[in-house]
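Notebook open, structure loaded. I want to look up a few things and jot down what I find.

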Amino acid sequence: MHHQLNTASPYKPTSDVLPTGHPQLDVALGVGGLARGRFVEFQSSSPLANISLALRAAAETQARGGVVAFIDAQHTLDVAHARSLGVRIEELLISQPDDPLMALEIARHISRSGAVDLIIMESLGAMVAAAPPERPRAVSEALRGLWYSASRSRTCILFTTTPHAGIGDGMSTTLRYLSSVRCLVTRVGSHALIKVGKNQFAPAFAEAAIELQPLG
């Protein structure tokens, strides 16, 4: 495990929302960004699309004086790409756990501190898929504990997931149930097409298209 302290939205920022850094996506979300104290899921078969959206939201949160934690389950954080999207790496709280339950416990601990505005859970599903068969049920229980902590601390928990990752029905169902917003992201060339498939704050099925910044 590794630890390291490392264009304007059409909505006025509020204490309950973290703008994503993409005005079109803020509009599609209906409230101007990512809601605090809630689970948000970005699901895509494109790692570039998922991580670009997550890191741009991290950069926007930092730019507004917020604190961001990045739980890097796959140990694949590209520092250069993060910097190119505006992330201040030296101010990013980074953890690289080797176990899904450890990842969720770290996130819960960080959330309970009340000092972090946004926690990005990168590719947790892939970690669960590689874990022993009994783990998905325990992960589902840990997700509920994290949700409770986040709702009390008003920390937004942003999950990036991949469809058909073999993460088990238990975790998949629990995450879908607990998420207030679930976005389905499709990469088409240099663009990401985003459909808000679930939204507890606004009508669902709003869409947005954004340009992705390439790696390197």
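Predicted model: local features only at pLDDT ≥ 70, side-chain atom pairs only at ≥ 80, totals over all residues.

In which loop does F205 lie? I looked it up: F205 sits in the loop between strand 10 and strand 11.

I checked the backbone at F205 and got a phi near 75 degrees, a positive value in a residue other than glycine. F205 counts as exposed, because its relative accessibility is 58% and the cut-off for exposed is over 50%.

R154 turned up as well, with a positive phi near 65 degrees, and R154 isn't glycine either. I found R154 in the loop between helix 6 (135-153) and strand 8 (156-161). Its relative accessible area is 34%, so R154 is partly exposed.

**Entry: the whole protein**

I stepped back for the overall tally. The protein has 7 helices and 11 strands. Of its 216 residues, 52% are buried.

**Entry: salt bridges**

Next I went after charged pairs. Side chains of opposite charge can pair when their charged atoms come close. How many salt bridges are there? The count comes to 9.

I picked out E41 and R182, whose side chains meet in a salt bridge at 3.0 Å, N to O. This pair ties together distant parts of the chain: E41 is in strand 4 (residues 39-44) and R182 in strand 9 (residues 179-188), 141 residues apart. Are E41 and R182 buried or exposed? I checked, and both are buried.

Then I looked at E207 and K195, which form a salt bridge at 3.7 Å, N to O. E207 is exposed, because its relative accessible area is 56%. K195 has 35% relative accessibility, so I wrote it down as partly exposed.

E60 counts as buried because its relative accessibility is 11%, while R64, at 38%, counts as partly exposed.

Notes
Residues numbered from 1 in each chain as written. Heavy atoms only, no water. Salt bridge = Lys/Arg side-chain N within 4 Å of Asp/Glu carboxyl O. Helix = DSSP H or I, 4+ residues; strand = E, 2+ residues; numbered from the N terminus. Buried < 20%, exposed > 50% of the residue type's maximum accessible area, 1.4 Å probe, protein only.
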